[in-house]
Amino acid sequence: MAAGILLPGMDDGNEVNGKESTPEEKPADPGIPRMTPETLRKCCEQNKGYASPELNEVLILHYKGFRKIEGLGAYTNVRSLFLECNGIGRIENLEAMPLLVSLYLQSNCIRRIENLENLVHLQYLNLSHNNISEVENVANLVSLEL
């Protein structure tokens, strides 16, 4: 099919629920892995973790192709989170992990250090090999090793 042609019954990807959408609202590409409960459970089991999210203290999600941090709300006891070498563009959705001590986000697509203010126990943060240009709200991170 030629580029720019939209056949009847096809969705051009610009509407969500019958209205024009912004890039954040557009449906996710089905070829990009998502952090679904099933995907997270499988990752835990592959890395000798537990099927029950609240039992895991370590969550290893590196090299999975994730583009967004999401679906981690049930992992409230995680102390170490490994998310390196994905395609993550933003630090977000970590507020359910108040006990987090180590966060590995190296080799992603992150441009801004943000949304870490609630991680008061964070001691180690690896953001090497990203394109960091802005830093926000890190004054609360008094345990962070410099």
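Author: Start with the largest nonpolar core, which has 27 residues. The members that touch the most others are L59, L61, L72, L81, L94, M97 and L105. Helix α1, residues 37-46, gives the most to this core, with three residues. In soluble globular proteins, nonpolar side chains tend to be buried together.

Now look closely at L105.

Next, the setting. The protein has one helix and eight strands. Along the sequence the pattern reads β-β-α-β-β-β-β-β-β. Of the 146 residues, 29% are buried. Among contacts with a separation of 6 or more, 20% join residues 24 or more positions apart.

The protein exposes about 9,000 Å², and carbon and sulfur atoms supply 50% of that. I132, V135 and V138 make a nonpolar surface patch of about 210 Å². V138 lies in the segment after β8 (134-135). Its relative accessible area is 32%, so V138 counts as partly exposed, a class that lies between under 20% for buried and over 50% for exposed.

Finally, confidence. This is a predicted model. The average pLDDT is 87, and 81% of the residues score at least 70. Over residues 6-18 the pLDDT is below 50, and this stretch has 16 contacts in the model beyond near neighbours in sequence. Residues 20-24 also have pLDDT below 50, with eight such contacts. Where pLDDT is low, the predicted coordinates should not be read in detail.

Notes
Residues are numbered from 1 along each chain as its sequence is written. This is a predicted model: local features need pLDDT of at least 70, side-chain atom pairs count only at pLDDT 80 or more; totals for chains, interfaces and linings use all residues. Side-chain values use heavy atoms; hydrogens and water are left out. A nonpolar core is a set of buried Ala, Val, Leu, Ile, Met, Phe, Trp, Tyr and Cys residues joined through side-chain atoms within 4.5 Å. Buried means under 20% relative accessible area, exposed over 50%, partly exposed in between (1.4 Å probe, protein chains only). Helices (H or I, at least four residues) and strands (E, at least two) are DSSP runs, numbered from the N terminus. pLDDT is the predictor's confidence in each residue, from 0 to 100. Contact means heavy atoms within 4.5 Å. Patches are made of residues with over 30% relative accessible area and no salt bridge: like charges are joined within 9 Å, nonpolar side chains (Val, Leu, Ile, Met, Phe, Trp, Tyr) within 5 Å. Accessible areas come from the Shrake-Rupley method with a 1.4 Å probe; for residues, only the protein chains shown count as cover. A salt bridge is a side-chain nitrogen of Lys or Arg within 4 Å of a carboxyl oxygen of Asp or Glu.
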